[in-house]
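Here is a briefing on one protein model. Look through the sequence and the structure first, then read the points below.

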Amino acid sequence: MLIVMKHGASEEQIAAVVRTIEEMGYGAEPIPGRRRTAVALVGNDGRIDPGRLDSLPGVFRVIHISPPYRRASRDWHPDNTVIRLPNGACFGAGEVVLIAGPCAVESEEQLLETARRVRAAGATVLRGGAFKPRTSPYSFQGLGEEGLRLLTLAREETGLAVVTEVLDPESVEVVAEHADILQIGARNMQNYSLLKAAGRADRPVLLKRGMGASVEEMLLSAEYVLLEGESRVILCERGIRSFDTHARNLLDLTAIPTVKELSHLPIIADPSHGTGSRRKVSPMARAAIAAGADGVMVEVHPMPAEAVSDGAQSLTPDQFEVLSSELRLIARAIGRDLAEPVRPAAVAGA
Ligand code: PEP
Ligand code: MN
């Protein structure tokens, strides 16, 4: 931390800052400049509340040098975190992971048909909400535990790994029994008791960026999970609120290289919630892979017009197949490739 003094701060004021830092138990090193002096605070392990120093006479401003998150930062962990799922799909090792499936699990037929089709097109992870966070309490809230049972069935039949959302700390255990990855949705990104409970469930966590959250806030939310001992956190850019109404959200592609610089955690993009309209999903998925995302999560429905939620942004299985072949080309152009398709028999141990 650097305490920058005002122009013309007196020797006594600088000495008072040094004394206060030493009283706080840290080292203080004045750095005289041509027009002003800064005092470096050294020996801190973690972020210090600047309150006591900020208000001392002659202090211009206090600057933090280290980010407020530690375990999530590249400083702490220079190598990429690699997250391998039981079916072999792997985040963070260079390959591009395709996660696809319906917004909500609606029925056995809907889920299994989608799962078979997306697997044939190259997806390795199946998405599908059993517990749905809906803006309106009158909208479909999900099939609940029956939806989880159907996801397990789809995993057994196709070998796809399963990611599904957990809405509250009380349901973490039951969702973890059925899911390979626990999803924490945008609305819950700063639900700290949920983050902590998810961090104790022994499952990788897919953490979606809140619609009004900064990248730093997303990394601080990841830090909550990491502090519980769960190192497998996958971040997800899913669009933020903007003033413009041309899309449901503004998919912040800059977040991808930004997270890559700041953190070792993998980051994927969700162009479905990030745009809200089918025609924009594939262009933004292609752009996300070109920008360096470790994967994409795309909503796919066998009959989007009949979907109970998010039909307008769901691709048909045919459209997903086209997208997958485009993503393979883009991945290869930047020295990556799509994750290998899973073989259900091998996964089932047959
Ligand atoms: C979802 O992925 O099903 C979802 C609800 O997304 P978000 O939390 O990003 O709105
Ligand atoms: Mn959805």
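**Overall layout**

The C-alpha centres of domain 1 and domain 2 are 45 Å apart. The domain assignment places domain 1 at residues 2–63 and domain 2 at residues 83–348 of the protein chain. The model is a predicted one.

**Manganese site**

- Four protein donors are listed for the manganese ion (ligand 2): Cys103 (SG), His273 (NE2), Glu299 (OE) and Asp310 (OD).
- These donors lie 2.0 to 2.4 Å from the manganese ion.
- Along the chain, the donors of the manganese ion follow the spacing C-x169-H-x25-E-x10-D.
- Glu299 belongs to strand β14 (residues 295–299), while Asp310 sits in the loop between β14 and α11 (317–333), so the pair ties together parts that are 11 residues apart in sequence.
- Glu299 counts as buried because its relative accessible area is 1%, and the cut-off for buried is under 20%.

**Helix α4**

- Helix α4 covers residues 145–158, which makes 14 residues.
- From its first C-alpha to its last, α4 reaches 20 Å, close to the 20 Å expected at 1.5 Å a residue.
- The buried residues of α4 are Gly147, Leu148, Leu150, Leu151, Thr152, Ala154, Arg155 and Thr158.
- An α-helix has 3.6 residues a turn, so residues three or four places apart point the same way.

**Aromatic rings**

- One aromatic pair turns up in a search of the whole structure.
- Arg36 lies over the face of Phe60, at 4.5 Å from the ring centre.

How values were computed
Residues are numbered from 1 along each chain as its sequence is written. Chains are lettered from A and ligands numbered from 1 in the order in which they are written. This is a predicted model: local features need pLDDT of at least 70, side-chain atom pairs count only at pLDDT 80 or more; totals for chains, interfaces and linings use all residues. Side-chain values use heavy atoms; hydrogens and water are left out. Donors are N, O and S atoms within 2.8 Å of the metal (3.2 Å for Na, K and Ca); water is not among the atoms, so sites may look incomplete. Helices (H or I, at least four residues) and strands (E, at least two) are DSSP runs, numbered from the N terminus. Buried means under 20% relative accessible area, exposed over 50%, partly exposed in between (1.4 Å probe, protein chains only). Domain bounds come from an automatic or database domain assignment. Rings of Phe, Tyr and Trp (its six-membered ring) pair if their centres lie within 6.5 Å; planes under 30 degrees apart count as stacked, over 60 as edge-to-face and the rest as tilted. A charge sits over a ring if NZ of Lys or CZ of Arg is within 6 Å of the ring centre and within 35 degrees of the ring normal. The expected span of a helix is 1.5 Å times one less than its number of residues.
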